[in-house]
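Below are some notes on backbone geometry and on one helix, for checking against the coordinates.

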Amino acid sequence: MLPGLSKCLQRIKAHPEGLQALHRTIKAKVYPPPPNFTVCHSSQFTMMAPCVEGMNPLIQKVQALHKDRYVSIQWNDGTQSLYPYVWLRDNCQCPLCFLQSAKARKFLMTDLDVTTGVERVLLTDPTKVSIVWPDLHTSVFEADWLRKRCFSQPSRENLQENLFLNERYYWSSDLRIPTVSFKKVLTNDQAALFWLTTLRSTGIVLLKGADIQQGEVAKLSERIGYLRLTFYGHTWQVQDKTDANNVAYTSEKLNLHTDYPALHHPPGVQFLHCLKQAVEGGESEIVDGFHVANLLRKTNPEAFSILSSVKVDFTDTGSDYCDFAVQSKNQIIDVDREGNVVRINYNNATRDSVLNLPVDQVQPFYDALKAFVNLLHSPDNVVNFRMESGDIVTFDNWRLLHGRCNYVSDPDSPRHFEGAYLDWDEVMSRLRILRAAVQGEN
């Protein structure tokens, strides 16, 4: 994969710092290459199992371990993998149990005997295992399919990373924003793969050379799938408006924020297209919220604990695409069960005056929030840049906080940006499809 990706990068006009960032994230398994070694598990030992690129794994021996209800596979490299009977029966790949055209299970959970035994296990050839069940139903499994789903912890971690690309490249004020040609992204799968992979790992990519007309963000979304509709429409125009229904539609400074924490599931990705920049002011600011949240955890663990546990009320009321009265409760810092930061929910403009806390917890909450905001605005963490007409900035709205300097509103030459949202599910779907097309993965 890496040699192919290197050739891809040579054909894409991208900012050198963006390439360096991508190479760093490749090494961090954000875009993992086919490993030289795959770890498989034995009940007695764990060994590194070398995998040769372009070659299917071969099975040397297979046997049923009836006491533990495992099928044991000895690979030709000397390593071992264990597969529970119940999992194998549940995942039978035959036409009666699995619909190949939809890649979906037909076998019903109500029909699954979770304590099933095995009648016999056969190695039909070095790349196939056949299992006959007590009801004489037969399942056949390919060696590479089994090897990919090895239950050892390293193998599971590697597969999960390959599926979701959760590793990140964290950055501070020294980031030089990765840059790619807008038109290349639209027409070249390799460029589009670079764009989405870097968007996932770094959180931001600047696309240059879009036409200076409305509709380019919608065109870009079609490269992925479709836009997310919100109360502000499929796309929205960021301009200085009379009686604005959003603070972004003024010429005043916008503090660092994520968009739409007033929704329980805020949009994952945002596009902003510069159609006309202000004559004076209007520069953009971005901060890596994951990086700053981890700094807060290190320097002020109590503040981190409060912001990752207290549900904060957010609200948004008005009329645009339709009238709306949105209310949500979100932690300002979302973490997963392992404690990894997975989303920032913070917009001071829509943070509600309603605060559902006992009175003695109000001051500690404000102390924690102030500590986080101070870190966000530290010059060590903020990247400033100025967009020009034809630029489209694409960024991770769950991770980056963005802001804008105030600007001079000129009626004869008004500042005009067009914005749009997508969700990460759609973006990751397209990334996987592009990866399969460019790198031949499945």
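1. Arginine 69 lies in the loop between β3 (59–65) and β4 (70–75); helices (H or I, at least four residues) and strands (E, at least two) are DSSP runs, numbered from the N terminus. The model is predicted, so local features need pLDDT of at least 70 and side-chain atom pairs count only at pLDDT 80 or more, while totals for chains, interfaces and linings use all residues. Residues are numbered from 1 along each chain as its sequence is written, and side-chain values use heavy atoms, with hydrogens and water left out.

2. Although arginine 69 is not a glycine, its phi is positive, at about 60°. Most residues other than glycine have a negative phi. Arginine 69 is partly exposed, with a relative accessible area of 36% (buried means under 20%, exposed over 50%, partly exposed in between; 1.4 Å probe, protein chains only).

3. Tyrosine 260 also has a positive phi, near 65°. It sits in the loop between β14 (254–257) and β15 (269–276). Tyrosine 260 counts as buried, at 7% relative accessibility.

4. Helix α5 (residues 153–164) has 12 residues and should span 16 Å, which agrees with the 16 Å between its end C-alpha atoms. The expected span is 1.5 Å times one less than the number of residues.

5. The residues Ser155, Leu159, Glu161 and Asn162 of α5 are buried. They are on the same side of α5, because they cover an arc of only 160° around the axis, the arc being that of the directions from the helix axis to the C-beta atoms.
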